[in-house]
Amino acid sequence: MRDETKCLHSGYTPKNTEPRVVPIVQSTTYVYDSTEEVASVFDEPTKSLIYSRFANPTVMAVEEKIADLEGGVAAMCTSSGQAATLLSILNICDAGDSFISTTEIYGGTVNLFAFTLKKLGIECIFIDKDATDEEIDKAFKPNTKLVFGETIANPALVVFDIEKFANIAHKHNVPLIIDNTFATPVLCKPFEFGADIVIHSTTKYMDGHAVQGGGVIVDSGRFDWKSGNFPGLTEPDESYHGIVYTETYGKAAYIVKARMQLMRDFGTYPAAHSAFLLNLGLETLSVRMKQYCENALTVAKYLEKSPFIEKINYPGLESDPYHELAKKYLKGSSGVISMVIKGGREAAMKFMNALELASNEVHVADIRTCVLHPASETHRQLTDEQLVAAGIEAGMVRLSVGLENVEDIIADLEKGFAAIEN
């Protein structure tokens with residue numbers, strides 16, 4: 001290929017130029033000089049670019065940046081956070097396998113794990129976040145391939161004990177996969193506490209401006225896949241020239257397999273322009289996360305004293321049951337607050353309908369303040385039992401504190417509370 005690049009799992013850098021911004025390579029196709037050159041790339045896929053269903057230079061630049069932020073060896077972007085979650089599981093689970101997940105995770109992920117993956121013959125074993133080591137050990141089966149959790153659960157706002165679950169997972173020779181969406185690598189780097197794979201919905205804080213959907217999988221490169229539990233990584237891949245990923249790609253085996261096998265077949269790769277927009281968000285991520293945390297803590301302290309609030313979940317509060325875990329794992333508790341309004345569902349809806357600055361939308365982690373009533377909106381597909389297990393009550397409102405003046409945010413909340421009394 002005429003333009004030399006770094007290997008596909010390391011990232012893309014034009015040979016003799018350092019652009020100030022990531023260029024948009026708006027192309028699906030890459031030109032080669034000979035048929036032999038094309039053949040050699042298909043024999044060794046990390047040698048060069050193949051097709052934009054696998055990789056694109058703009059996206060690859062962002063992948064490398066996110067891998068660096070998380071401290072991983074490689075990353076692969078996807079078209080959504082759900083796609084990242086799905087591929088992270090399918091990369092090491094086949095029909096007949098199982099995996100363990102805490103119940104306190106995003107409702108859409110619960111649906112994916114409990115229903116869609118079940119149809120594919122993959123069982124999710126749900127356990128409580130506060131289960132003892134013995135209870136977690138008993139949940140493992142001979143076919144269990146991984147453990148999954150969220151750093152800060154959406155919308156329950158509980159903090160996942162990464163180190164505890166990593167130690168247990170490794171005792172059973174399986175990796176720990178962490179959804180680090182709410183924390184971002186600015187507030188938490190799960191690899192430092194033993195996690196092996198990290199995923200994100202980049203639609204949230206990483207983007208921050210509600211302009212594009214996306215996801216990413218980051219590989220720490222630290223897990224030993226040669227325990228015998230992961231033949232897909234340690235035995236020849238008949239669908240790709242008999243490549244043995246662990247032998248050929250070493251520490252990047254997991255992410256290269258995900259790209260050359262699953263991305264090849266599912267095609268959930270983001271567009272170059274989406275990656276360009278994501279990169280703009282990444283460039284302000286550290287500044288924004290600091291302000292989100294400051295605004296949210298101020299709002300949380302205000303809500304904690306409100307007579308309209310039955311309960312508030314925000315790990316940054318000293319009264320929160322997960323405050324100590326938050327101090328261990330987080331450099332801030334993000335901008336998302338979960339609160340239960342007295343009066344249940346009806347009072348919660350009155351509150352939200354009266355808000356003017358905050359918007360009622362199916363989104364979170366934006367620069368703008370927004371609210372959501374999970375029980376009747378995003379999590380309505382869950383049963384009452386699953387709602388309780390996920391930490392969701394009828395009066396629960398998820399408040400995503402934005403970057404507006406915090407006094408204006410609080411004034412808007414007061415309008416909502418005033419509506420409850422009328």
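Figure 1. Helices (H or I, at least four residues) and strands (E, at least two) are DSSP runs, numbered from the N terminus, and two strands pair if DSSP finds at least two bridges between them. Both strands belong to an open sheet of five strands with mixed pairing, ordered β8-β9-β12-β11-β10. At its edges stand β8 (309–313) and β10 (359–360), each with a single partner strand, so one side of each has no neighbour in the sheet. Helix α12 (residues 285–304) lies across β8, β9 and β12, and runs at about 15° to β9. Axes here are lines fitted to C-alpha atoms, for helices over the stretch in contact, with angles from 0 to 180 degrees between N-to-C directions; contact means heavy atoms within 4.5 Å.

A word on conventions before we go on: residues are numbered from 1 along each chain as its sequence is written, and side-chain values use heavy atoms, with hydrogens and water left out. Because this is a predicted model, local features need pLDDT of at least 70 and side-chain atom pairs count only at pLDDT 80 or more, while totals for chains, interfaces and linings use all residues.

Figure 2. Strand β2 (residues 98–102) and strand β4 (residues 144–150) run parallel, joined by three bridges.

Figure 3. Buried means under 20% relative accessible area, exposed over 50%, and partly exposed in between (1.4 Å probe, protein chains only). Is β6 enclosed or open? Five of its five residues are buried, so β6 is largely enclosed by the rest of the structure. Ile-197, Ile-199 and Ser-201 take one side of β6, and Val-198 and His-200 the other. On to strand β7 (residues 215–219): β6 pairs with β7 in the antiparallel sense over five bridges, and Ile-199 has Ile-217 as its bridge partner there.

**Figure 4. The largest pocket.** Rolling a probe the size of a water molecule over the atoms shows where empty space is left. The largest pocket has a volume of about 360 Å³. A pocket is an open set of points on a 1 Å grid over the protein atoms alone, where a 1.4 Å probe fits, with protein on both sides within 12 Å along at least five of seven lines; lining residues have an atom within 4 Å of a point. Grid points are joined across faces, edges and corners, and the volume is the space filled by probe spheres set on them. Of the 22 lining residues, Tyr-106, Asn-154, Thr-181, Ser-201 and Lys-204 lie nearest the centre. Helix α3 (81–90) and strand β6 (197–201) each supply at least two residues of the lining. By class, the lining has six nonpolar, twelve polar and four charged residues. Ala, Val, Leu, Ile, Met, Phe, Trp, Tyr, Cys and Pro count as nonpolar, Asp, Glu, Lys and Arg as charged, and the others, Gly among them, as polar.

Figure 5. Leu-262 lies in helix α10 (residues 253–266) and counts as buried at 7% relative accessibility. Leaving aside residues up to four places away in sequence, Leu-262 touches Leu-87, Leu-90, Asn-91, Lys-257 and Gly-267. Leu-262 and Asn-91 are 171 residues apart in sequence, but 7.2 Å apart in space, C-alpha to C-alpha. Asn-279 sits in helix α11 (residues 272–283) and, at 2% relative accessibility, counts as buried. With residues up to four places away in sequence not counted, Asn-279 touches Val-22, Val-62 and Lys-65.
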